[in-house]
Amino acid sequence: MEWNPETLQFLSQCFLNTLSPLPEPRRRAEAALAEAADRPNYGMAVLRLVAEPSVDEQVRQAAAVNFKNHLKARWSVQPNDGAQIVVPNLEKEQIKALIVTLMVNTSPKIQSQLSEALTIIGKHDFPKAWETLLPGLVGMLDKLSQANDYVSVNGVLATINSLFKKYRYQYKTNEMLLALKYCLDNFAQPLLEVFKRTAGFLDQAVGSGAADARVLKDYIESQRLCCRIFYSFNFMELPEFFEDHMEEWMIEFKKYLTVKYSALEDNGNDGVTLVDELRAAVCENINLYMEKEEETFQRYLGGFVEAVWALLVVASNSPSRERLTVTAIKFLTTVSTSVHHTLFAGDDILQQICQSVVIPNVMLRDEDEELFEMNYVEFIRRDMEGSDLDTRRRIACELLKGIALNYKERVTQKVSTQVQSLLASFAQNPAVNWKHKDCAIYLVISLATKKAGGSIISTDLVDVERFFGAVIVPELQSRDVDGFPMLKAGALKFFTMFRNQISKPVAVALLPDVVRFLGSDSNVVHSYAASCIEKLFLVKDEGGRARYSAADVDPFLLVLMTNLFSALQKPESEENQYVMKCIMRVLGVANVSHEVALPCINGLVSVLNRVCENPKNPIFNHYIFESMALLIRRACEQDPSVITAFETSLLPSLQMILSKDVSEFFPYSFQLLAQLVDLNRSPLPANYMEIFAILLLPESWKKSANVPALVRLLQAFLRKAPNELNQQGRLSSILGIFNTLVSSPSTDEQGFYVLNTVIENLGYDVVSPYISHIWVALFKRLQSNRTVKFIKSLVIFMSLFLAKHGPQNLVASVNTVQPDVFRTILEQFWIPNLKLITGSIELKLTSVASTRLICESLSPSDTKLWGKMLDSIVTLISRPEEERVEEELEIPDFGETVGYGATFVRLYNAGRKEEDPMREINDPKQFLVASLASLSARSPGTYPSIITENLEPANQAALFQLCSSYNLTIV
């Protein structure tokens, strides 16, 4: 794409139209830009447009966004995208030559986009392929800071900060350390210089008494960015430069924690937030030094603890200063767990920490109530699922835990006193002081500890059963399920957390009360009620026996299921994963009678039909299908007559999923269909055979996520309708599917599942016309791309073939491909890999098949082959798995799974118990010895010498030990 007036006009018009409120011009412009993006020099042309001052600012901004996204997609080769067009090298150099200067000289909104674009380039090219970047930025930064142009200084610092962020999270490798050294050599000194220069400007502005808030704002932001770059440079280890200049950094750091910038902070929350961001960055830096360089840092520690403490006492009372509060408490927590913990040893200090830091930060605030009401998913994620590590409530409790490592009794005593005081305050005026009770419950839960290796939670703060009875039970027994919902949620959370310690009679008596809370209008409350019931049913007593059984649930089962399904009708809870998980858990515990099963399947189908319109929550969706699979399994096992009712309810939905191409649900649907087919009697109803026709279409198998579920369904059909398979060319289609699957390493295992099921369920007369094609497909793959996994699967298949159709048919059919090829297969693949077989059924199958081969098919005159096969059999059956199998590293075939959003997730409850094709043989070891004894009796004296010559000494000993065990002899 050449840069000329026509290009300028074309691109300007396109970017203008992308801003149009009308969909049609917007779509046309986006399509034109997408097409133009494939041409060389497109990126450079868009960048020149961004640099063109005559073009409208909004158009240039849209172009800057497009330029950034263009680089993100095309600067470097994306994995698994063979058709991707990459920016040519010459154009890359032109872009790199222009972007830095342009970024500094544009408006802030465009500058931020170009800064991101520069970071994208830097991620791939810096420092090795862009050695001019850092010196260029350093020169520019020096010039701009001396000119006091801090809008541009901050643009450059933001870019450098983005470039260096990677040193905070990348693995330490030689290459990474070399790159970090290059950055330190070129930027550590300039960073200190600009930091000190800005500090001088800042002090001057504050000292003059006439500081302009806008100017101060730019200085403060500049220092914050310097602090973040400092953090990146020091994250791995303390560089020598920073150790030598520590004093200069620490003086300024302490100043920012102690000085008040009135011109900003007295003019509303925005100014306070800006200064607090700098203070928080300082807290993160000193926390880093405390964690990694404690010895070097200790001479500054006392002053910083004092400064942070003073800040914290003030900030804890302000709801808008969360980030500063969290980082400040983190620093104090790190100190409390270090050798300097004595700083917190005094009784008065512990008392102050409880009263001035912990209680104010744990007490609920307006924003907590707002989150509880407006975004229940995020509230639960923080409160119940432990993602609240960066919240005031959690971090304040972490500080207490840190101090308790060295002063446990004193912390327990202080906090216990606070808990009692809070509960007394609540008792005086429950309606006004309900937050005090919530605070007490939160403290007890947060300071509880989990015992190593288990789910038992304990606390020294209170006697759990007494606290539960006095504080929690009154909330659970409250008749008003919607009154003080945050307090009810706290009580339900306590019950859930301490479920192991609550005795069964007490818990069972309270379960109907918990069930009532499923009817609460508060999303958090009915979610916590569902979670409490679900977790209770997982409790196990000593010996692993479930504490709660169907008898405990049955008295209120109908009310429980009604309330759970009603909760899914409440606003915002239509896809509540906690409720659906509870449904699944209850169905796994309760007696699923006819009266319960039919309303449940109808309820689940109704929910499924609703989410099919727009699947959003994969966890919720998984629990729907898992609940259905569980319901089908348990209800139909108990009462086979319900199968028809289940099919009437469920099949239309599954067919709708297939016809409307709800691809996310295909793998689930095929697994449920397989379950229903398994439960049916032959002949299968006509509607199943219609699904079978879809199953045989090649298009169904194109998405890799569908394959395991389709194989499971195909196996079900093969078992239930073997006679129908040989009609209308169906068997050819199935073997075509097998051929496709087995040709790829990522699906070959699934191909063998299909093939094994065909061989297991069809007579030899039906299979024989196709058998030579099967061997050709397998041997072709063996030649082109053999893996250990494939060879093991081949040995298992051949063993199954032998078990079903005899060794003569196996040998003869293989040798039709090429004379005597069976011997080659034995020598090169079967014998060397037999010892690698794992799994009890597979081990039994292959060892028995191999035994039959040497006793019914192989001639003892071929002594070496016969002897080596026996040696392999003895290794397989006599040695433990860890001795004979090395873990195999398969290289995944990434290319075949690209482009599909759906993934296969196995439904635990839709699985089928694996069947043993050798049911009639109990002990493969006895079978081997008995077969050898019988064989040798027919030719006495032949076999002992073959065994001596060909078996390893350890295997000879193992074989004779087996003979002795079963009282049999090889003569």
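Start by selecting valine 586: leaving out residues up to four places away in sequence, its contacts (heavy atoms within 4.5 Å) are Ile533, Phe537, Val553, Leu557, Leu560, Met561 and Leu564. Before you go on, note that this is a predicted model, in which local features need pLDDT of at least 70, side-chain atom pairs count only at pLDDT 80 or more, and totals for chains, interfaces and linings use all residues. Residues are numbered from 1 along each chain as its sequence is written, and side-chain values use heavy atoms, with hydrogens and water left out.

**The nonpolar core**

Now widen the selection. Val586 is one of the residues that touch the most other members of the largest nonpolar core, together with Phe164, Phe187, Phe242, Phe331, Leu443 and Leu778; this core holds 349 residues. A nonpolar core here is a set of buried Ala, Val, Leu, Ile, Met, Phe, Trp, Tyr and Cys residues joined through side-chain atoms within 4.5 Å. Buried means under 20% relative accessible area, exposed over 50%, and partly exposed in between, with a 1.4 Å probe and protein chains only. Color helix α9 (residues 174-207) next, as it gives the most to this core, with 15 residues. Helices are DSSP runs of H or I with at least four residues, numbered from the N terminus.

**Aromatic pairs**

How many aromatic pairs are there? The count comes to 43. Rings of Phe, Tyr and Trp (its six-membered ring) pair if their centres lie within 6.5 Å; planes under 30 degrees apart count as stacked, over 60 as edge-to-face and the rest as tilted. Phenylalanine 253 sits in helix α12 (residues 246-258), 58 residues from phenylalanine 195, so the pair links distant parts of the chain. Both phenylalanine 195 and phenylalanine 253 are buried.

Then pick tyrosine 764 and phenylalanine 801, another edge-to-face pair, with 6.0 Å between centres and 90° between planes. Because tyrosine 764 lies in helix α38 (residues 764-784) and phenylalanine 801 in helix α39 (residues 788-815), the pair ties together parts 37 residues apart in sequence. Tyrosine 764 is partly exposed, with a relative accessible area of 22%, whereas phenylalanine 801 is buried at 0%.

**Charges over rings**

Select arginine 393: its charged end sits over the ring of tyrosine 442, 4.0 Å from the centre. Arginine 228 does likewise with tyrosine 231, at 4.8 Å from the ring centre. To count, NZ of Lys or CZ of Arg must be within 6 Å of the ring centre and within 35 degrees of the ring normal.

**Helix α31**

Move to serine 653 in helix α31 (residues 643-659). Is serine 653 buried or exposed? It is buried, with a relative accessible area of 4%. Beyond its neighbours within four places in sequence, serine 653 is in contact with Val605, Leu608 and Asn609. Buried residues of α31 pack against α29 (594-612), α30 (618-638), α32 (666-679) and α33 (686-695). Look along the helix for a bend of about 35° at leucine 650, with proline 652 following within four residues; the bend is the angle between axes fitted to the seven residues ending there and the seven starting there. Just after α31, aspartate 661 takes a positive phi of about 60°.

**Last stop**

Finish at glutamate 373 in helix α18 (residues 366-374). At 58% relative accessibility, glutamate 373 counts as exposed.

Technical notes: Helix = DSSP H or I, 4+ residues; strand = E, 2+ residues; numbered from the N terminus.
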